[in-house]
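Reader: Could you take me through this structure? I am new to it and would like to ask about its open spaces and its helices.

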Amino acid sequence: MVRIRAFGSTGLRVSEIGLGAWQLGRSAQWPDGPDRSEAVRIVHAALDAGINLIDTAPGYADGESETNIGRALTGRRRDETVICTKVGYHPDGSDNWSAGAIEESIERSARRMNVDHVDIVVLHNPPPEILDGTRSDHYQVLQRLQDKGTIRAYGSSVDWAADIDTVLTTSDANALEVRLSALYQEPWDAMGRARDRGVGTIVKVPLESGWLSGRYDADSVFTDVRDRWSRADVAHRAGLVDELRALLPEGVGLLDGALRFLLGYDAVSTVIPGTKSVAQLRASIAAASGPLPEETYAAIRSWYDTRLAAQPLDW
C-alpha cells in the first residue's frame with residue numbers, strides 16, 4: 001500500500017503517490033489516452049492500492065478527465081479521496097481569470113466529478129498579476145470558500161522559485177502545485193520555504209513529461225503535445241537521461257530513481273506521475289519503495305547544480 005503524508009498544516013493527509021489525471025481520457029489532446037472504461041479502471045486501481053490524492057483540472061483531456069473521475073467515483077466513499085482541481089481554464093481551452101468566476105468553476109468541476117465538494121483548488125498557472133495577491137483578490141475569494149467549508153486548501157500551480165515566493169509573501173495560501181524533477185530542480189530551495197510555512201505541496205511533471213519513465217531516447221518521435229521538442233531538444237534530453245541513469249545505484253531503474261529522489265525530500269507532500277494505463281500506475285506505485293542512498297541523493301543534487309542549474313529545462 002502507498003504511504004500517507006501530511007499535506008502541510010492543512011489537516012489533510014495524502015498518499016505520497018497521487019493520480020495525475022491530465023491524460024485520463026481519450027480526446028483531441030490525448031488521442032491515445034484511455035477510453036472511458038479504462039479510465040474508470042485506472043481510478044479504481046489507484047484507490048484500491050491506497051492512492052487517495054487525485055489531481056485534475058477542467059481542461060484536462062478536453063474535459064474528459066473530470067467526467068471520467070466522476071464515473072469512477074460513483075458508488076465509492078467520498079472520504080476515500082482528496083481531490084485537487086484548478087481554476088482559470090475551461091474544457092474547451094478558453095480561459096477566464098475573473099475572481100468572480102472562481103466559485104462557479106469549482107461548482108462545475110464538482111458536478112462533473114459527481115462529488116459534493118473539492119478538497120484542494122489551485123489557480124492554474126495564472127498570469128503574474130493574478131499570482132500576486134497584492135494585485136488581485138483571487139486568494140481572498142478562495143479564503144472565503146475555505147472559511148465556509150466549500151474547499152479545504154487553496155493556492156496556485158507554479159513552475160519557478162520566484163512564483164512560489166510570490167504566493168508565500170502575498171497570500172495565505174496553504175497549497176502549491178510545483179513542477180519539480182531530477183531534471184528540473186530550480187524550485188528546490190523555495191519548496192523548503194513553503195514547507196516551513198506549513199504549505200502542502202503537489203509535485204507535478206515528476207517524470208519530466210515521460211523522459212524519466214525510461215520510454216524515450218534520442219530516436220524517439222513525438223506526435224502529441226510533446227511534438228514541441230525539436231530534434232536537438234530530444235537529443236539533449238536523451239543525453240541528460242543517460243547521465244542521470246549513470247548516477248543511480250545498480251538495480252535501481254530510472255523510474256524508481258526519479259520518484260524516490262523526489263520522495264526523499266521532506267518538502268514534498270505528494271507526487272503525481274501522469275497515468276494513461278493501469279500498468280503505468282502500478283509501475284509508479286512500485287517505484288516508491290524507499291529512499292535512495294544518501295550518496296546517490298547528494299550526487300543527483302550536485303549533478304543538477306553543475307549541469308543544469310544555469311539553464312533549466314523548459315517544458
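Predicted model: local features only at pLDDT ≥ 70, side-chain atom pairs only at ≥ 80, totals over all residues.

Reader: What volume does the largest pocket have?

Author: The largest pocket holds about 850 Å³ of space.

Reader: How many residues line the largest pocket, and which lie nearest its centre?

Author: Its lining is made up of 38 residues, and those nearest the centre are Trp22, Tyr60, His124, Val205 and Trp315. By class, 14 residues of this lining are nonpolar, 15 are polar and nine are charged.

Reader: Which element gives the most to the lining of the largest pocket?

Author: That is α10, with three residues.

Reader: And what about the second largest pocket, which residues line it?

Author: The second largest pocket has a volume of about 160 Å³. Its lining consists of Asp233, His236, Arg237, Arg307, Leu308, Ala310, Gln311, Pro312, Leu313 and Asp314. Helix α8 (residues 231-247) supplies the largest share of that lining, three residues. The lining divides into four nonpolar, two polar and four charged residues.

Reader: Turning to cavities, how many are there of 30 Å³ or more?

Author: The count is one cavity of 30 Å³ or more. The largest cavity has a volume of about 70 Å³.

Reader: Which residues line the largest cavity?

Author: Among them are Tyr89, His90, Trp97, Ile102, Leu123 and His138. The lining of the largest cavity comprises six nonpolar, six polar and no charged residues.

Reader: Now the helices: at what angle do α3 and α5 cross?

Author: Helix α3 (residues 102-112) and helix α5 (residues 138-147) cross at roughly 50°, and their axes come within 10 Å. The two helices are therefore oblique to each other. On the α3 side, the contact is made by Ile102, Glu103 and Ile106, while α5 brings His138, Val141, Leu142, Arg144 and Leu145. Ile102 and His138 also line the largest cavity.

Reader: How do the residues of the contact of α3 with α5 divide by class?

Author: Five are nonpolar, one is polar and two are charged.

Reader: Back to α10, then: how does it pack with α9?

Author: Helix α9 (residues 254-263) packs with helix α10 (residues 278-287) at an angle of about 60°, and the axes are 8 Å apart. This angle makes α9 oblique to α10. The crossing of α9 past α10 is right-handed. Leu255, Asp256, Leu259 and Arg260 of α9 make the contact with Ala283, Ser284, Ala286 and Ala287 of α10. The residues of this contact comprise five nonpolar, one polar and two charged.

Conventions: Residues numbered from 1 in each chain as written. Heavy atoms only, no water. Axes fitted to C-alpha atoms, helices over the stretch in contact; angles between N-to-C directions. Helix = DSSP H or I, 4+ residues; strand = E, 2+ residues; numbered from the N terminus. Parallel < 35°, antiparallel > 145°, perpendicular 65-115°, else oblique. Left-handed = near helix turned anticlockwise from the far one by under 90°. Contact = heavy atoms within 4.5 Å. Nonpolar A, V, L, I, M, F, W, Y, C, P; charged D, E, K, R; others polar. 1 Å grid on protein atoms, 1.4 Å probe; cavity = no way out; pocket = protein on both sides within 12 Å on 5 of 7 lines; lining within 4 Å. Points joined across faces, edges and corners; volume = space filled by probe spheres on them.
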